[in-house]
Amino acid sequence: MQIIQGIDIDSIEALYQLEKKYFPGNYYSRDSLFKMLENSRYYFWGVWKKEILIGYAILLDSIDIFEIIKIAVNTSCRNQGIGEKMLRTILQNVEKNIHLEVRESNLAAIKLYEKMGFKNLFKRKDYYGDTGEDALVMALSKQ
């Protein structure tokens, strides 16, 4: 069984370990994660399986929209609908439009976002500093 809920201070170390693993060269430090958790504009969602954090999302309330800053699911738990379930939970709890950037090569994520109703707005050239890869900016309209 998977449980989706907010992340608290006790879960930051587990989140940090997933950050390092899935976003090498582009991950948040522990200190940054703690500061974000203390800032009311950031929202953290986690997915647990048997008390182990297997996925998470970080959102930023940017006044008129929400931005999905990060989203990740442990590779051993992928293709089980966990990312979709997490996104559905987020969409049920967010009333504003949502934007995100996704690596152009991340076809699985793009397919999921499109399935959930996100539309491709435009491309950001050389967006990812670790690889120089382009990002697609996608949005979901809630209005």
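Biologist: Let's start with the layout. In what order do the elements of the protein run from the N terminus on?
Modeller: This is a predicted model, so keep that in mind throughout. The protein has four helices and seven strands. From the N terminus on, they are arranged as β-α-α-β-β-β-α-β-α-β-β.

Biologist: What share of the contacts with a separation of 6 or more comes from residues 24 or more positions apart?
Modeller: First, a word on burial: buried residues make up 45% of the 143 residues. As for the contacts with a separation of 6 or more, the share from residues 24 or more positions apart is 56%.

Biologist: Which residues of helix 2 make the contact with helix 1?
Modeller: Helix 1 passes helix 2 in a right-handed crossing. On the helix 1 side, the contact uses Ile-12, Glu-13, Leu-15, Tyr-16, Gln-17 and Glu-19. By class, the residues of this contact divide into six nonpolar, one polar and three charged. The helix 2 side is made by Arg-30, Leu-33, Phe-34 and Leu-37.

Biologist: How do the axes of helix 3 and helix 4 cross, and what does that make helix 3 relative to helix 4?
Modeller: Helix 3 covers residues 82-93 and helix 4 covers residues 107-115. Their axes come within 11 Å and cross at roughly 40°. Roughly parallel would need an angle under 35 degrees, so helix 3 is, relative to helix 4, oblique.

Biologist: How many nonpolar residues are in the contact of helix 3 with helix 4?
Modeller: The crossing here is right-handed. Gly-83, Glu-84 and Leu-87 of helix 3 meet Leu-112, Tyr-113 and Lys-115 of helix 4. Two of the residues in the contact are charged and one is polar, while the number of nonpolar ones is three.

Biologist: Staying with helix 4, is Ile-110 buried or exposed?
Modeller: Ile-110 sits in helix 4. Away from its neighbours within four places in sequence, Ile-110 is in contact with Val-102, Arg-103, Glu-104, Leu-136 and Met-138. One of these, Leu-136, is 26 residues apart from Ile-110 in sequence and 8.8 Å apart, C-alpha to C-alpha. With a relative accessibility of 9%, and the limit being under 20%, Ile-110 counts as buried.

Biologist: What about Leu-107: buried or exposed?
Modeller: Leu-107 has its place in helix 4 too. Its C-alpha is 27 Å from that of Gln-5, 102 residues apart in sequence. Leu-107 has 62% relative accessibility, and the cut-off is over 50%, so Leu-107 counts as exposed.

Biologist: Now Tyr-28. Which residues is Tyr-28 in contact with, leaving aside its neighbours within four places in sequence?
Modeller: Tyr-28 is in the loop between helix 1 (12-22) and helix 2 (30-38). At 25% relative accessibility, Tyr-28 counts as partly exposed. Its C-alpha is separated by 9.8 Å from that of Leu-15, 13 residues apart along the chain. The contacts you asked for are Tyr-16, Glu-19, Leu-33, Met-36, Ile-58, Ile-69 and Lys-70.

Biologist: What phi does Lys-50 have?
Modeller: Lys-50 lies in the loop between strand 2 (42-49) and strand 3 (52-61). Lys-50 counts as exposed, at 74% relative accessibility. Although Lys-50 is not a glycine, its phi is positive, at about 50°.

Biologist: And where is Asp-126?
Modeller: Asp-126 is not a glycine, but has a positive phi of about 50°. Asp-126 is also exposed, with a relative accessible area of 58%. Its place is in the loop between strand 6 (119-124) and strand 7 (135-140).

Key. Residues are numbered from 1 along each chain as its sequence is written. This is a predicted model: local features need pLDDT of at least 70, side-chain atom pairs count only at pLDDT 80 or more; totals for chains, interfaces and linings use all residues. Side-chain values use heavy atoms; hydrogens and water are left out. Axes are lines fitted to C-alpha atoms, for helices over the stretch in contact, and angles run from 0 to 180 degrees between N-to-C directions. Helices (H or I, at least four residues) and strands (E, at least two) are DSSP runs, numbered from the N terminus. Angles under 35 degrees count as roughly parallel, over 145 as roughly antiparallel, 65 to 115 as roughly perpendicular and the rest as oblique. A crossing is left-handed if the near helix is turned anticlockwise from the far one by less than a right angle, and right-handed if clockwise. Contact means heavy atoms within 4.5 Å. Ala, Val, Leu, Ile, Met, Phe, Trp, Tyr, Cys and Pro count as nonpolar, Asp, Glu, Lys and Arg as charged, and the others, Gly among them, as polar. Buried means under 20% relative accessible area, exposed over 50%, partly exposed in between (1.4 Å probe, protein chains only).
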